[in-house]
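Colleague: Please show me the model. I have a few questions about how the chain is arranged.

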Amino acid sequence: MRIGCVPAVLLAALVAGAAPVSAASLALVLAVDVSESVSTERYVLQHDGIANAFETPQLINAIARTPGGIEALVLEWSDPDKIAVTVDWTKIGDAATARAFATSVRKSERSSHGLTALGAALQAAGAAFGRLPEPAAHKVVDVSGDGIANFGPAPSGVRDELVAHGVTINGLAILTEEPWLAEYYRQNVIGGTAGFCLVAENMDSFAEAMLRKLVQEVSGLQPQTTPLARLREREGPIAQRWEGEGWGR
């Protein structure tokens, strides 16, 4: 499903869009960078990393403990006119539905190559909440990328608009191209209640970082500093580490 850039004036209405009766605990948009800097090999590592996470007991168990389960959607982004939903809203509440979602992710194909329109990606993610099949207690945009915005609306402005309407934005900064990217995400992308950023030093560490981030988002664990074997420890608030589900112990 191809979607374009959404004007800010429509964003609030879309984010707050009405939905029927039963409620999931979390509605999660997984917004994945497919800009030109992401090679075919790097794309596969991102693609498979997301699918693998939903087949992993730590995440499946966290979802199963969540009242109402979660709704998840995968959105790929580069140029504003090339943003596409590759896996639409899917209700996940147990191992079977989590694995079915993983299968849908694996079956999807790369939607585009282009510039890094991060602000437009956030607009499209916000618009996706207007199509939720059921209401959700919490709305989270989960952005992963390897570069700063170089086209389209400023991410910080769109971030502020989404946060004002109750959306949390978390980030996974992949440091293959720009070693300062985590700080850029912290300043321009991350926002909302308990918003956080994790770092993947390279695409090889993407899957581990994605799994940890998803468990954090689903379970609502409080952040605690802990060493990760494949993620470099950093000073200050740029990158945070979490201990949960027995990791790092």
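Modeller: Two strands pair if DSSP finds at least two bridges between them. Bear in mind that this is a predicted model.

Colleague: In which sense do strand 5 and strand 6 pair?

Modeller: Strand 5 covers residues 167–174. Ile174 has Ala200 of strand 6 as its bridge partner. Strand 5 and strand 6 are joined over 4 bridges, and the sense is parallel.

Colleague: Which strands stand at the edges of the sheet?

Modeller: The sheet is open and has 6 strands, in the order 3-2-1-4-5-6, with mixed pairing. Each edge strand has a single partner, so one side of each is left without a neighbour in the sheet. The edges are strand 3 (84–92) and strand 6 (197–200).

Colleague: How many residues of strand 4 are buried?

Modeller: Strand 4 pairs in parallel with strand 1 over 8 bridges. With strand 5 it forms 7 bridges, also parallel. Strand 4 is largely enclosed by the rest of the structure, because the buried residues number 8 of the 10.

Colleague: What is the handedness of the β-α-β crossover from strand 4 to strand 5?

Modeller: Lys139 stands opposite Val167 in strand 5. The chain leaves strand 4, passes through helix 6 (residues 155–164) and reaches strand 5; the crossover is right-handed.

Colleague: Is Ser35 buried or exposed?

Modeller: Ser35 sits in the loop between strand 1 and helix 2. Its side chain makes a polar contact with the side chain of Asp33 at 2.7 Å. Ser35 also touches residues including Trp77, Arg110 and Asp146. The cut-off for buried is under 20% relative accessible area. Ser35 has 1%, so Ser35 is buried.

How values were computed: Residues are numbered from 1 along each chain as its sequence is written. This is a predicted model: local features need pLDDT of at least 70, side-chain atom pairs count only at pLDDT 80 or more; totals for chains, interfaces and linings use all residues. Side-chain values use heavy atoms; hydrogens and water are left out. Helices (H or I, at least four residues) and strands (E, at least two) are DSSP runs, numbered from the N terminus. Buried means under 20% relative accessible area, exposed over 50%, partly exposed in between (1.4 Å probe, protein chains only). A polar contact is a pair of N or O atoms within 3.5 Å; within protein, one must be able to donate a hydrogen and the other to accept it, and residues adjacent in sequence count only if both atoms are side-chain atoms. Contact means heavy atoms within 4.5 Å. A crossover is right-handed if, with the strands pointing away from the viewer, the path from the first strand over the helix to the second runs clockwise. Lists of a residue's contacts leave out its neighbours within four places in sequence.
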